[in-house]
Amino acid sequence: MNPFAFLTRFRARLVAERERAVKRIAAQAARGGGDAARDRRDWAEAAIQYERYLALNPDDAAIWVQLGHARKEAGDLPAAEQAYRIAQERQPRDHDIALQLGHALKLQGRLEEAAAAYALSDSLAPINHAAEELATLAGIEVRPRQAGVSPRQISERERLALERLREAELHVAHAPQDPAAHRALAEALLQTGRRSAAIAAARAAYGLCPERRNWQAIRRVGGAAPEEGAPGGPQLHDVTDLLTMLRDTGRATGIQRVQLGLAEGILADPVAAEQARFVFLAERFGPLWTLAREDIEAIIAYCLHEPHDALRAEALVTGAMDRARPTHLPSARVFFIMGAFWFWAGVPSALARLRAAGLRIGVLVYDLIPLTHPEHTSEGTVAAFRQGLEEGAGLWDFALTISEFTARELGRQLAAIEAPPIPIRPVPLAHRISPPDKPDAQPLPGAFPEAVGDLRGQDYVLCVGTIESRKNHLALFQAWQILLREGLEPPPLVLVGRPGWRVTDLMEQLEATRFLGGRVRLVHGVSDPELEGLYRGCLFTIFPSFTEGWGLPVGESLALGKVCLAALEGATPEAASGFAEPIDAFSPRDIAARVRHFVTDRAALEAVGARLRAEFKPRGWPDVTRHFLSELAACMAEPPPQRAAPEALRLSPGHRLAFTGGASLGDLLMLGAGFEPPEEPGSWLIGPSGTLHVDCAAPLRLWFRLRAAPWANENRAGIALGEGPLQWTEIEPGEEAMLALDLPAGPATLRLVVDGPTHPPPEGGERRPIRVALREVLAVAHETPRLTPGRPVIFGPSAAEQDWLALLAEGWSQSAQVQGVSALAPDAVLRLNLPPVAAGDVRVLLHLHVRAGSGGRLRHPGGLTELPEGGGALLLPLQLTTDADGKVSITLEMEDRSVPPIRLAALQWAAAGDVAARIAMIEAVMLPQGGEAHALTPARLMALEARLRAETAEPTAPLPGGEAGRAALRLVTSRKG
């Protein structure tokens, strides 16, 4: 391809990518605006925003349905019908679209058309709504409403969630062994507020197939996912960065190519393959995952033997990661980092956890260039490399290197940071990425990059390597300029590599000179067969790098019988084995002279090539693999370095752990799957849930300080012990909130769950799916409080103590407002721990505040209570029976399973036979701590007193003359006065 054409296409791709990004941002903003307007029932604005979104994404059937809803609610039925019909064109098998179309037609009086739409919906999925509508239109009596179902109108969102739930339940009934059906059921249950059932469904999916996608399903619904897999081989080989590079770019280069060669060699050896497992870390503090052998083999085959295809590569990696299984650490003996060790920078606790499990940790070091030559590396890489080396040096047991040169460099760098000495053994690499089975064979037909197809059969000089300043492509550009000025017409220079860092000047000079009039050709994304075709077809290769950890392109060239002009810097002499023609990396004139020599004197070039082909003995990957496994075994045979293993902190009263940067290694061991490394706001929770590991020296109350991201709206966070009930708090955008959890002594696993809108962060800023960060954990002494008869427990900021936290068992917010704490889940549960002497029948009085405009009936241990539609204060007296230890639970739920629209302001209790305490309950109602009565009229108070007196079963000590009533009347009089 002509370089100008390449540059034009490159620019066109950039422009297209920018346009797509702008379109994506605008679409997300419009959809978010439509959803927000819909939620506040601003139907006209919702329709406008959805129309803007659909102008950019006209094939999104779900949003056409939302537009139809908005137009229908705004009264524009023909427009609603049109939107539903467009949605139906895009998804003709969606039963809900047919149902919504039927509604729109029925409201317009077009009953026959409506009946047809309802019939179609019922045939696509037999759901009650379509059948009922069809029966009504046909004049058939509709099935009566199910007993006990509230007539409350449910929202469109609730209706859709219930329909999805019915579909998911039908799917599970028809395919009980399908994990995907159980995953879908888990998501549907969560949307209807049934978290416990959702966790059970996700666990069922994982039980059927313990793969990562089913493990993730447990975490998505807020459960604690298991992290131990089936026993396997003793050697764990980390390929995390290989998978990441392949998924993100569609190809493997440099370090990743070395991993592929080693992996292919290990799998080709039956004994080594039996012992090895290839693992990856998907989350910074999460478990290791083991790839299936067929998946790693498919990845190797793609990278080494197939053309570059980004979509295929992404599908291969995504599928392999989805199918991966948790790694069983107790059966492993060594964890070996095959790729970039600085990937682990910032999470030394992940390695420390492996050390604590009894594994030895080894690493393959490729070079120390970010430290020895920082001028050729990006600042981010230098920082991550230095951090990874400093953190790893205290945790690694041994290191292998890809050359003698790198082994010496690593020893010097470890000594410079005063790290404990570890065994360092060189394992020189192969001279080719794939075994040279047929060194004289020609490449397969068509195995030549299309971008430079016009050079097939012509003379050209080849340079392979990422376009970065260290590789010294600028010297080649200058050498070709010198040759042109001297009147020589040099062969085209083909640069194979993707542009990297610190090459802005080079790229600008190439563009300014029109790539030296087309004599410099830049290609990237070539497959291994295409690369071999380039090697075999070139006149010779050239490699002017300032330094290398090995110099694979030099070895590849020599192994294929092609003369290589190489700068003998770093480890390049080892890769060249004395067969490279030397050039001076620091002298473009020397490079030009050497190129001129071999271009003009073909006899000399042939003589060097003949010697090369006759005497050079390339090192193959089978040799490297045998050497690698031998050195690995030798390192494992040596005693491990004597160093203290990091341990998690055992929490005692007064311990405070900050996760805003600078946390100790022991503190970081608390963080589990779902958390990011600490930064200024805290350790961000990635996605909907995360795991914490704690060890309490005594019973403690742990306080968790959280902060919400500025863009995170309508969030609430919950904390729970294991699979226990969640304790909730509401948290405003950009603000902090506190959560408390009472824990027994000993180790425990906690789960932190976040509920709220899942819109991604704003474009152009944060790209991670984060909404809430853990900033701090504080441990305080705590004992479960015993409640005093008659004394009110105040739930709110006026409370003198925090004892009320222990009463919130499930479904309540710990964020106390003036009117009390809110119910946040369909089941709002209180758990009382009364003195054992009070065990038996007790009376409990709940002071509730009902949200205005709510209505419905509240179910409680005493039956059903109609909530006042106007809202306000509500007293709820209950007759309960405790267990033998004085414990009793109170569950409040709406009849229709919606979240109760209530706040709990206060609670009082008294034993049934404790008259004095029950009188104190009435007095506390009239004059609580603030001196303000809680919405009791004298008539209501007299009725309570009469009920109290009538229920007292003490014939030997009756209430004398309505004493309680007279006391109450005195209170009322004093309040009026």
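**Confidence, cores and local packing in a predicted model**

The mean pLDDT of the protein is 84, and 86% of its residues reach 70 or more. Here pLDDT is the predictor's confidence in each residue, from 0 to 100. Over residues 927-936 the pLDDT falls below 50, and this stretch has 17 contacts in the model beyond near neighbours in sequence. A contact means heavy atoms within 4.5 Å. Residues 952-977 also have pLDDT below 50, with 26 contacts beyond near neighbours in sequence. Where pLDDT is low, the predicted coordinates should not be read in detail.

The model is predicted: local features need pLDDT of at least 70, side-chain atom pairs count only at pLDDT 80 or more, and totals for chains, interfaces and linings use all residues. Residues are numbered from 1 along each chain as its sequence is written, and side-chain values use heavy atoms, with hydrogens and water left out.

The largest nonpolar core has 72 residues. Such a core is a set of buried Ala, Val, Leu, Ile, Met, Phe, Trp, Tyr and Cys residues joined through side-chain atoms within 4.5 Å. Buried means under 20% relative accessible area, exposed over 50%, and partly exposed in between (1.4 Å probe, protein chains only). F278, F336 and F628 are among the residues with the most contacts inside this core. Leaving out residues up to four places away in sequence, F336 touches L236, H237, D238, G362, V363, L364, F398, L400, F628 and L632. A second, separate core of 70 residues includes L368, F385, A399 and V694.

Strand β1 covers residues 235-238. Helices (H or I, at least four residues) and strands (E, at least two) are DSSP runs, numbered from the N terminus. Q235 and H237 point one way from β1, L236 and D238 point the other way, and all are buried. Two strands pair if DSSP finds at least two bridges between them. β1 pairs with β5 (residues 334-337) in the parallel sense over four bridges. D238 has I337 as its bridge partner in β5. β1 and β2 also pair in the parallel sense, over four bridges. There, H237 stands opposite F278 of β2.

Helix α15 has buried residues D295, I296, I299, I300, Y302, C303 and L304. These pack against α12 (240-249), α13 (255-268), β2 (276-281), α16 (310-323) and α24 (528-537).

E676 lies in the loop between α30 (665-668) and β16 (683-686). E676 counts as buried because its relative accessibility is 16%. Not counting residues up to four places away in sequence, E676 touches R284, F285, L671, S683, W684, I686 and R768.
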